[in-house]
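Visitor: I have a structure open and would like to go through parts of it. Can we take it piece by piece?

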Amino acid sequence: MPLDNQLIAYVALALLAALVISFLMTPVVKTFAYKIGAVDVPKDARRMHKVPIPRLGGLAIFIGFMVSVLILGDVRGNGQMQSILLGSVIIVVLGVVDDIMALPALLKFVVQIAAALIPALNGVVIQAFSNPNIFSDSLYWVLGPLSVPFTVLWIVAITNAVNLIDGLDGLANGVSAISATTMLVIALLASEAEVAVVMAALVGACVGFMPYNLNPAKMFMGDTGATFLGFILATMSIQGLFKFYAVISFAVPFLILGLPIFDTTFAFIRRIAHGQSPMHADRGHIHHRLIDMGLSQKQAVATLYVISAMLGLSAVVLTTGGEQKAMLFFVALCVVGAVAARVVFPKEIREELQEEIEELRERSHHEAEQAENSGDKER
């Protein structure tokens, strides 16, 4: 399918503008974060950093995105786009306050629902999606009166899912950039200018912040950035995926956002199974497990980048080549990824695991000797 040169130019300009503004605004926001005390101090085992690092980096991402979209996007007279941007402003304000002073989870949840209702009540809704039951005669599930509640659930869920994977330097930012790039490609192939420009701005804003966020991070995006990215990805997936790919709409957004969706779902199931609140923080996320397997932060993040990119490429193939090609493509990528993992990681992992095993053996041997000595003293 031939691409519109004018659309390509607008997309490139939106991406570049957001990138430059985000990059230039990050040092300014960093200084501001120190002044107001928005600093992440490592205080538990879940945190991977060892020294205090300023939060609020998401504010730079938000500014770069908003300036680019307001100048180059189709916002005037577009009520749906205006409602998305208004909702994102509420999410960012909530994130800034939360990064300064930790807010109760219930309050944040209520504000997120309110922010999600703004676009949902202005036409940004999931009206139908493909029936996942392949044995059913009905191709679609038409939601009808459930459209708004289902849409709000989707937006709030993705908003928090992206926030939950923000546990390693550059992880949430990079995964969001990959997801946004996938949506951008699909929008270009479908000649959907509005979605393409917005996604280009989001990609640019993420990339502009990336030099400050990669390991070792000089700044975190905080809840301000993670929830903002999740909100925009969720709402724009409704505009560009559920709407224009109705036949396969059940699969495409779940592929593109598969990593945060899986991690959040697994976290909720794990916590409930242990009798904990689903919102209880723990150290069982995918990125934590990769670290515990012996990977460094950079290796763990790179692994999750590859997984996210594989899911994104599969989504692109699904929208252009059909279900069978997408399935074959995804299987092939999984095989290549598995082989690459065996080639790249095994030696380092084996060595580190061997060291851990030796430490455990020495510790158990030392404890056994202590127990034996104390037994001798008692006798």
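Visitor: Which hand does the crossing have where α4 passes α5?

Guide: It is a right-handed crossing. Keep in mind that this is a predicted model.

Visitor: What angle do α4 and α5 pack at, and how far apart are their axes?

Guide: The angle between α4 and α5, residues 147–164, is about 125 degrees, and the axes are 9 Å apart. Angles over 145 degrees count as roughly antiparallel and 65 to 115 as roughly perpendicular, so α4 and α5 are oblique to each other.

Visitor: Which residues meet there, α4 against α5?

Guide: From α4, F109, Q112, I113, A116, L117, P119 and A120 take part. Their partners in α5 are V148, T151, V152, I155, V156, T159 and N160. The contact of α4 with α5 has ten nonpolar and four polar residues, with no charged ones.

Visitor: Now α3 and α4. How are they placed?

Guide: Helix α3 covers residues 79–100 and helix α4 covers residues 105–120. They pack at about 165 degrees, with axes 7 Å apart. That angle is why α3 and α4 are roughly antiparallel to each other. The crossing of α3 and α4 is right-handed.

Visitor: And what classes of residue are in the contact of α3 with α4?

Guide: Nine are nonpolar, three polar and two charged. On the α3 side, the residues include I84, L86, I90 and D98. On the α4 side, K108, V111 and Q112 are among them. Q112 of α4 also meets α5.

Visitor: Different topic. How many cavities of 30 Å³ or more are there?

Guide: A search of the whole structure finds two.

Visitor: What lines the second largest cavity?

Guide: The lining is I165, L171, L259, D263, I286, H287 and L304. Helices α10 (258–273) and α11 (286–292) each supply at least two of the residues. By class, the lining has five nonpolar residues, one polar and one charged.

Visitor: Last topic, the backbone. Where is the cis peptide bond?

Guide: It runs from N215 to P216, with omega near -5 degrees. P216 is in the loop between α7 (193–213) and α8 (222–242). Most peptide bonds are trans.

Visitor: What is phi of L56, and where is that residue found?

Guide: Phi of L56 is near 75 degrees, a positive value in a residue other than glycine. L56 is in the loop between β2 (53–54) and α2 (57–72). Most residues other than glycine have a negative phi.

Technical notes: Residues are numbered from 1 along each chain as its sequence is written. This is a predicted model: local features need pLDDT of at least 70, side-chain atom pairs count only at pLDDT 80 or more; totals for chains, interfaces and linings use all residues. Side-chain values use heavy atoms; hydrogens and water are left out. Axes are lines fitted to C-alpha atoms, for helices over the stretch in contact, and angles run from 0 to 180 degrees between N-to-C directions. Helices (H or I, at least four residues) and strands (E, at least two) are DSSP runs, numbered from the N terminus. Angles under 35 degrees count as roughly parallel, over 145 as roughly antiparallel, 65 to 115 as roughly perpendicular and the rest as oblique. A crossing is left-handed if the near helix is turned anticlockwise from the far one by less than a right angle, and right-handed if clockwise. Contact means heavy atoms within 4.5 Å. Ala, Val, Leu, Ile, Met, Phe, Trp, Tyr, Cys and Pro count as nonpolar, Asp, Glu, Lys and Arg as charged, and the others, Gly among them, as polar. On a 1 Å grid over the protein atoms alone, a cavity is a set of points where a 1.4 Å probe fits but cannot get out, and a pocket is an open set with protein on both sides within 12 Å along at least five of seven lines; lining residues have an atom within 4 Å of a point. Grid points are joined across faces, edges and corners, and a volume is the space filled by probe spheres set on the points.
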